[in-house]
2 protein chains.
Amino acid sequence: MTTPLRLGIAGLGTVGIGVVKIVRRNAALLALRAGRTIEIVAVCARDKGKERGVSLASCAWEDDPVALARRSDIDVFVELMGGSDGPAKAATEAAIEAGKDVVTANKAMLAHHGQALAEAAEARGHVIRFEAAVAGGIPVMKALTESLAGNEITRVMGVMNGTCNYILTRMQNAGLPYEEVFEEARRLGYLEADPTLDVGGIDAGHKLALLASVAFGTRVSFDGVRIEGIERITIEDIRRAADMGFRIKLLGVARMTARGLEQRMSPCLVPASSPLGQLEGGTNMVVLEGDSVGQIVLRGPGAGEGPTASAVMSDIIDIARGTRLPTFGQPATTLKTARPARVSAPAPYYLRMKLQDKPGALARIATVLGEAGVSIDRMRQYGHEDTTAPVLIVTHKTTRDALDKALPGFSRTGVLAAPPVALRIETV
Amino acid sequence: MTTPLRLGIAGLGTVGIGVVKIVRRNAALLALRAGRTIEIVAVCARDKGKERGVSLASCAWEDDPVALARRSDIDVFVELMGGSDGPAKAATEAAIEAGKDVVTANKAMLAHHGQALAEAAEARGHVIRFEAAVAGGIPVMKALTESLAGNEITRVMGVMNGTCNYILTRMQNAGLPYEEVFEEARRLGYLEADPTLDVGGIDAGHKLALLASVAFGTRVSFDGVRIEGIERITIEDIRRAADMGFRIKLLGVARMTARGLEQRMSPCLVPASSPLGQLEGGTNMVVLEGDSVGQIVLRGPGAGEGPTASAVMSDIIDIARGTRLPTFGQPATTLKTARPARVSAPAPYYLRMKLQDKPGALARIATVLGEAGVSIDRMRQYGHEDTTAPVLIVTHKTTRDALDKALPGFSRTGVLAAPPVALRIETV
């Protein structure tokens, strides 16, 4: 294979430009490692005139990503536009139809359409690779699909949204309220155009669904991910968690159980001294557990030009070297449909609520918990704020089911001044 | 590729039996992921009659690994015997000559003969894979060779000998002297037959040399690794390091500098709260740094049946899937010969020495340091033991060169009661 590998890159944002820079800067190294040169033949983006800091004069320009995907002079369609539907999906479908391999960083598209796209590509003998879609520069898809391929995977978990982790650690370290740090993150350009994708846990949920598919040989099931965002975490939650020796992290966990596939992405309390608890800023961490290997932990930058482009390059170099694997590690047609299971492993929970200043309010809450079979480890009522009183409860180990039974009961007591916040305490 | 992949396994120790168990237990999963079945056709070990807990009745038996390697009914020769020369090398050479791919966990053989073996295999179009040779179950060779292939690697470092880390953390946690924990490790079967391979830093040095080769595109240069073992670390060193907020770890670092390739494997002080400092027992950690990705940290079990067999299976599955890469990530004939460089980055050092009870002894030591240009941050003389006095010095940042100039000077003072111990303080 001494012919060049010819790329068409759709999307010239941070990641796209990062890929162009690597292909240029490390050209000789890439050729040595891949056994052939890697060339950018054509590119496509919304605004041709925009200054991007790199010269694209040697590349053909396409205004339409579908036209780029169909060009006869490209081997690999590199999709870095983003968005679950629209141009990204249309162009990816066109590339597959035109007989191209595809490299993408698009978690949303794969979380929603991964099965159909993989089946289409595999029917034609083409590959779709997406290392950059999950945990940025951390080589987690390769670790799971290839390095741990001899293992039955028992659990995958991780902190996979750098923006949420930035917000939570910044609140912790600077003692700032959520709203203020959220605005700061927006100014710094850390948030997606629709910030709900980040702080609502959706982006991280997409990533978890992709990991779970490869881990358990199941069709991607984004709808099966129980998602809670970080929007309701207050600086008081962070302070109280810290007082008890915990940090709050947006943590994803996927497990295959006898009752089905459990997938959850939610803010949890983790021990401050644990590797997850020590994770600062935009750094991501993924934990992979298999029946032979035990536990592997991977840590690295979850976003940014260099790290994400590095992951895209990994897929491109694999294709240049002739490595050809099914999208999800086994043929897409053999992936099973997983039954979604509710969270089953018991854990202690942190509950924070605001009670109206009525006699017996605390007793009513305690009664509801008792009736749901949830026993209380610690309970503390703080000084009254105006006419309400903040209450913090740490339960003994209980199930999410028992807790979900209790939560509506709280409302029925008529003493809640605001909906309660319930956070799982993970002592991993 | 629907024909089975046929293995011949030489060596049925812990790892060999681990591989047999995975191939049996996860047969269906492996077939799904690899696209073909994986079969163990023939095996070889020293003692045919030994009870190994698995039935080998379905496999042909060979007494001679060379005969196994040459069998016409195997595709892959799996070398799990160990030893840099002797039967392992003879059988690997025979396998290459007979047109087989090779999977091995043998760091010693590759550290010494990797270049010749890789050239021989690549000339015939065959592959040698060795994920299990470095850091057990951690997928570090794949991360470096494939996931980070778009990067110019700037540094690799890690704790890669689980036995040494077990000894050091056990000394720390139980407050036991080196000799006692060494004997305990021997009883537990954690030590190599020749324990110098472990505690002398040689095994970890082999691993570092392999990592450096792939990282920097250079021929494996085990002779270029500056190696110090942990044999001279005392419980006092561990206690005094802890008092200053450090842990002692056998740490390997490889860097390409303008002056050449720096490779060192030596006990160092690292911050107790750092990821490296928190590494307990047999767990390994490898840090990879590249120009695009920044820093990636991988943590996992560095030895043991399951984890090491998991890494061996990763290589076997790659071969079954048709993935074929050069042994060291680029053709062996293109690897450069690296000029070995001395350790250049300045760091503070921890010095421990025993002085004879003579007037002015401490002053003479301080003078020698001053003359070598090494300035003292902290110095403490402890209460006299018999006729000698233990002295602990922490220097300001200095170079290893300056320190190496000072060390012979200490001897010439005539006040040392024992050779000094010098440990680098890494604040990574």
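Tutor: Let's start at Ala95(B), a residue of helix H4 (residues 86-97) of chain B. Keep in mind as we go that this is a predicted model. Is Ala95(B) buried or exposed? Count the C-beta atoms around it: a residue is called buried if 20 or more others lie within 10 Å of its own. Ala95(B) has 30 such neighbours inside 10 Å, so it counts as buried.

Who are its contacts? Leaving aside residues up to four places away in sequence, Ala95(B) touches Ala69(B), Phe77(B), Lys100(B) and Val102(B).

Now widen the view to the nonpolar interior. As a rule, nonpolar side chains in soluble globular proteins tend to be buried together. Here the largest nonpolar core has 279 residues, and the ones with the most contacts inside it are Val312(A) and Val312(B). Click on Val312(A) and look around: beyond residues up to four places away in sequence, it touches Val15(A), Val19(A), Val78(A), Val103(A), Ala105(A) and Ala132(A).

While you're in chain A, have a look at its open sheet. Six strands make it up, in the order S3-S2-S1-S4-S5-S6, with parallel pairing. Its edges are strand S3 (60-62) and strand S6 (128-129) of chain A, each of which pairs on one side only. On one side, S2(A) pairs with S3(A), parallel and over three bridges. You can find Ala42(A) with Ala60(A) of S3(A) as its bridge partner, and Cys44(A) standing opposite Glu62(A) in S3(A). S2(A) also pairs with strand S1 (residues 5-10) of chain A, again in parallel, with six bridges joining the two. There, Ile9(A) has Val43(A) in S2(A) as its bridge partner. How enclosed is S2(A) by the rest of the structure? Largely, because five of its seven residues are buried.

Next, the way the two chains come together. Chain B can be laid on chain A by a rotation of 180° with 0.0 Å of shift along the axis, at an RMSD of 0.0 Å. The two copies are thus related as by a two-fold rotation axis. Both copies use the same surface, too: 100% of the contact residues of chain B recur in chain A.

How many residues of each chain are involved? There are 47 from chain B in contact with 47 from chain A. On the chain B side, the elements giving two or more residues are helix H2 (27-34), helix H6 (140-147), strand S12 (294-301) and helix H12 (305-321). H12(B) gives the largest share, nine residues. By type, the chain B side splits into 20 nonpolar, 19 polar and eight charged residues.

S12 deserves a stop of its own. Strand S12 (residues 294-301) of chain A pairs with S12(B) over three bridges, in the antiparallel sense. If you want a pair to zoom in on, take Arg299(A), whose bridge partner in S12(B) is Val297(B). Within chain B, S12(B) is also joined to strand S11 (residues 283-290) by eight bridges, and those two run antiparallel. S11(B) and S12(B) form a hairpin with three residues between them. One of the bridge pairs there is Glu289(B) with Gln295(B) of S12(B).

Last, the predictor's own scores. Chain A averages a pLDDT of 95, with 100% of its residues at 70 or higher. For the complex, the predictor gives an ipTM of 0.95 and a pTM of 0.96.

Terms used:
Residues numbered from 1 in each chain as written. Chains lettered and ligands numbered in written order. Predicted model: local features only at pLDDT ≥ 70, side-chain atom pairs only at ≥ 80, totals over all residues. Core = buried A, V, L, I, M, F, W, Y, C linked by C-beta atoms within 7 Å. Buried ≥ 20, exposed ≤ 12 C-beta atoms within 10 Å, placed from the backbone. Contact = placed C-beta atoms within 7 Å. pLDDT = per-residue confidence, 0-100. Least-squares fit on C-alpha atoms with pLDDT ≥ 70 in both. Pairing = 2+ DSSP bridges. Helix = DSSP H or I, 4+ residues; strand = E, 2+ residues; numbered from the N terminus. Nonpolar A, V, L, I, M, F, W, Y, C, P; charged D, E, K, R; others polar.
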